[in-house]
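Subject: Structure handover

Hello,

Here is the structure I promised to pass on. Please open it first, then read my notes below.

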Amino acid sequence: MDLRELFATNLRRIRHSRKLSQEQLAHDAGVDRAYMSRVERAVTWVGLEIIGKLADVLEVDPVEFFRRPGRPAPRKKVE
């Protein structure tokens, strides 16, 4: 699995866990919905600025987009 596929898989998983549509995520992150579709299909590269926006909207550390399957994510502390 290359980095685009890994990113796409994790983005889709996290988005689904937040019960967000592609359209809503794209809107909240300020990107085009068609672009979001290409990202989730791993057909385009994603820049750091967009990774940061997506992480902010989804409330995750950007590293979560690159976590390999089978490695549990650390629990986020609730303040």
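Helices here (H or I, at least four residues) and strands (E, at least two) are DSSP runs, numbered from the N terminus. Asp 2 counts as partly exposed, because its relative accessibility is 34%. The scale is this: buried is under 20% relative accessible area, exposed is over 50%, and partly exposed is in between (1.4 Å probe, protein chains only). A polar atom of the Asp 2 side chain lies 2.8 Å from the backbone nitrogen of Glu 5. Asp 2 and Ala 42 are 40 residues apart in sequence, yet 9.3 Å apart in space, C-alpha to C-alpha.

A word on the source: this is a predicted model, where local features need pLDDT of at least 70 and side-chain atom pairs count only at pLDDT 80 or more, while totals for chains, interfaces and linings use all residues. Residues are numbered from 1 along each chain as its sequence is written, and side-chain values use heavy atoms, with hydrogens and water left out.

Overall picture

The protein has four helices and zero strands. Along the sequence the pattern reads α-α-α-α. Of its 79 residues, 35% count as buried. Take the contacts (heavy atoms within 4.5 Å) between residues at least 6 apart in sequence: 59% of them join residues at least 24 apart.

Helix 1 and helix 4

These two pack at an angle of about 25°, and their axes are 11 Å apart. Axes are lines fitted to C-alpha atoms, for helices over the stretch in contact, and angles run from 0 to 180 degrees between N-to-C directions. Helix 1 is therefore roughly parallel to helix 4. The cut-offs are under 35 degrees for roughly parallel, over 145 for roughly antiparallel, 65 to 115 for roughly perpendicular, and oblique for the rest. The crossing of helix 1 and helix 4 is left-handed, meaning that the near helix is turned anticlockwise from the far one by less than a right angle; clockwise is right-handed. On the helix 1 side, Phe 7, Leu 11, Ile 14 and Arg 15 meet Ile 51, Leu 54 and Leu 58 of helix 4. By class, the residues of this contact are six nonpolar, no polar and one charged. Nonpolar covers Ala, Val, Leu, Ile, Met, Phe, Trp, Tyr, Cys and Pro; charged covers Asp, Glu, Lys and Arg; polar covers the others, Gly among them.

Ser 17 also belongs to helix 1. Its relative accessible area is 45%, so Ser 17 is partly exposed. A polar atom of the Ser 17 side chain lies 2.7 Å from the backbone oxygen of Ile 14.

Helix 2 and helix 4

Here the axes come within 9 Å and cross at roughly 110°. Helix 2 and helix 4 are therefore roughly perpendicular. Their crossing is right-handed. Leu 25, Asp 28 and Ala 29 of helix 2 make the contact with Lys 53, Leu 54, Val 57 and Leu 58 of helix 4. Five of these residues are nonpolar, none polar and two charged.

Helix 3

Helix 3 spans residues 33–40, and its Tyr 35, Met 36, Ser 37, Val 39 and Glu 40 are buried. The buried residues of helix 3 pack against helix 1 (3–17), helix 2 (22–29) and helix 4 (48–58). Just after helix 3, Ala 42 takes a positive phi of about 60°.

Best wishes

Key
Polar contact = N/O pair within 3.5 Å; in protein donor to acceptor, adjacent residues only side chain to side chain.
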